[in-house]
Amino acid sequence: PACANAGKAGSCKHSKSTIKLFSNENSWEVLQGAAYTLGHFDEHVDESFFDEARQRTKTTGGCIIVTGTPLHGFEAWEHRRLTSVFLDGPPANLVNPLDAASSPIVSLHRCSMYEGGLVPKVDIDMEAALMDEFEREARIHGNPAPLAKNPVFDRDATTRLKHACRPPTRGTLHAEKPLDTIQTPDDVALWSDLVGPLRVWKQPEAGEVYLVAVDTASGLTERVEKGLIKRDGDASCASVLRVYPKGIGIGLEMVAQYHGWLTPYDYASEVMKLAVRYNGALTVVELTGGLGLAVMQRLKNDFHYWNLYREPANLAAVKFRLDPRLGVDTSATTKPYMVACLKQFIREGRLDIYDAATVEELNAFEQVTMGAGGAVLSQPKYMGAGGAKDDRVMSLAIGCAVAISSPHLLFLAEHTQQTKPEGPAQSRDMAGLKTFGE
């Protein structure tokens, strides 16, 4: 530093590091046979280089800096491997997932063109006027922009949702009694936990009507292996929606969300506690794939939960006096309807979402009309673009579909708004909030 400050950097005799430059036009193998203290990738370097660079910096305790304009959106490996980890937060983004005070694996830093100061503001404004909202987000403000070819949800509407996002309270739910005996919100306490899988934006309020939409992932587990979290498959997601009258219809507000990797057996326990805490909420379980059925069976048979959603009975069920079936199916026939319901709620401004990760999934959700070889599909498919996750989206879609097809929810919401008690809910929630490990 002394030589550099004196203007003698070129003739400095002190020992110093070596900077090597590579191009990803070559193979990632050019990085082999060395150890580095710092790696810097600029402008969408191939993912294979990232994997090798992690090995090259492992022995030195070094790190990697990745920079670039995020125009590749959510399909890019940079988002899948890095920014998605940052957005998911603890415990996924902790060096030691068992220690809430551990350092993050990924830190995210954004610099807008305005902050960079390289281009006059008037020129930036001129360019921005020719871009849509998502191109402005990427090119001007440095935020990942989805590149779904056929996005399902209105981008202006999801942009408004994104602006309303705020950090949640993280925690876990604990019952002081066996789960088959809990009946009231007072039987379930929220323990504060920085790495807890439950995210809460609003505590339950006495007299409010809630709906829990339960999406169960296919074959998922989460385990700790040598201090690191290993995940197989997608996460399960249960979204808690407050149901309230809005105009002449229903409004929904996502007040809490459980999002985690665990077996259906344990997932059913979390859903039970979540539903009871939110005033014995109507609980809608997606059954497709068999794992949802395992959740439903435990809720019904082991815990005797009393407020499970039943699909409307068809004519055959009425004729032979059969009970309507518990839960809902998501299939090639029903999924388009569910997605359309969610799309309607978002377009009409009847759904409030405060979770940034959920809004990101909505932006990356697309309709696929072409199959392998360019063949036109007889029934469009709905999924996350480029392999993006959609468990949060489908949880909301299930909830919106049930809200639209269940007129009694509107009646309950209107009735409880007129008779809702005042006062005790807040004191109950604060009394139930404990410190993790207490």
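Start by selecting Arg170 and showing its neighbours: leaving aside residues up to four places away in sequence, Arg170 touches Asp88, Gly89, Pro90, Pro91, Trp191, Ser192, Asp193, Leu194, Val195, Gly196, Leu198 and Arg199. A contact here is a pair of heavy atoms within 4.5 Å. Before you go on, please note that this is a predicted model, in which local features need pLDDT of at least 70, side-chain atom pairs count only at pLDDT 80 or more, and totals for chains, interfaces and linings use all residues. Residues are numbered from 1 along each chain as its sequence is written, and side-chain values use heavy atoms, with hydrogens and water left out.

**Stop 1: Arg170**

Keep Arg170 selected and colour strand E3, residues 169-175, where Arg170 has its place. Helices (H or I, at least four residues) and strands (E, at least two) are DSSP runs, numbered from the N terminus. Now look at the end of the side chain: it reaches the backbone oxygen of Pro90 at 2.4 Å and the backbone oxygen of Gly196 at 2.6 Å. Is Arg170 buried or exposed? Arg170 counts as buried, because its relative accessibility is 12%; buried means under 20% relative accessible area, exposed over 50%, and partly exposed in between, with a 1.4 Å probe and protein chains only.

**Stop 2: the whole protein**

Zoom out and switch to a cartoon view. The protein has 15 helices and 15 strands. Of its 438 residues, 44% count as buried. Among contacts with a separation of 6 or more, 68% are between residues 24 or more positions apart.

**Stop 3: the nonpolar cores**

Hide the surface and select Phe153, Leu252, Leu342 and Leu351. These four touch the most other members of the largest nonpolar core, which has 40 residues. A nonpolar core is a set of buried Ala, Val, Leu, Ile, Met, Phe, Trp, Tyr and Cys residues joined through side-chain atoms within 4.5 Å. Which element gives the most to this core? That is H13, with 9 residues. Centre on Leu351 next, and you will find Leu161, Leu241, Leu252, Leu342, Phe345, Ile346, Leu396 and Cys400 touching it, not counting residues up to four places away in sequence. Apart from this core lies another, of 34 residues, with Val188, Leu198, Val240 and Ala281 among them.

**Stop 4: helix H12**

Select residues 356-363, which form helix H12; 7 of its 8 residues are buried. The buried ones are Ala357, Thr358, Val359, Glu360, Glu361, Leu362 and Asn363.

**Stop 5: salt bridges**

Stay in this area and select Asp355 and Arg392. They form a salt bridge, with the closest N and O atoms 3.7 Å apart. The pair links distant parts of the chain, 37 residues apart: Asp355 sits in the loop between strand E12 (351-352) and H12, and Arg392 in helix H13 (residues 391-405). Both Asp355 and Arg392 are buried. A salt bridge is a side-chain nitrogen of Lys or Arg within 4 Å of a carboxyl oxygen of Asp or Glu, and the structure holds 13 of them.

Next, pick Asp125 and Lys121, whose closest N and O atoms are 2.7 Å apart in their salt bridge. The two are separated by about one helical turn, because they are 4 residues apart in helix H5 (residues 121-128). An α-helix has 3.6 residues a turn, so residues three or four places apart point the same way. Asp125 is partly exposed at 31% relative accessible area, whereas Lys121 is exposed at 53%.

Then move to helix H9 (residues 291-302), where Arg298 and Asp302 also lie 4 residues apart. Their side chains meet in a salt bridge at 3.3 Å, N to O. Arg298 is buried at 12%, and Asp302 is partly exposed at 39%. For a network of salt bridges, select Lys202, Glu208, Arg242 and Glu253, which are linked together.

**Last stop: cysteines**

Finally, select Cys3. How many disulfides does the structure have? A search of the whole structure finds 0, a disulfide being a pair of cysteine sulfur atoms within 2.5 Å. For Cys3, the nearest cysteine sulfur is that of Cys12, 3.7 Å away. Cys3 is buried, with a relative accessible area of 19%.

Definitions and conventions: A polar contact is a pair of N or O atoms within 3.5 Å; within protein, one must be able to donate a hydrogen and the other to accept it, and residues adjacent in sequence count only if both atoms are side-chain atoms.
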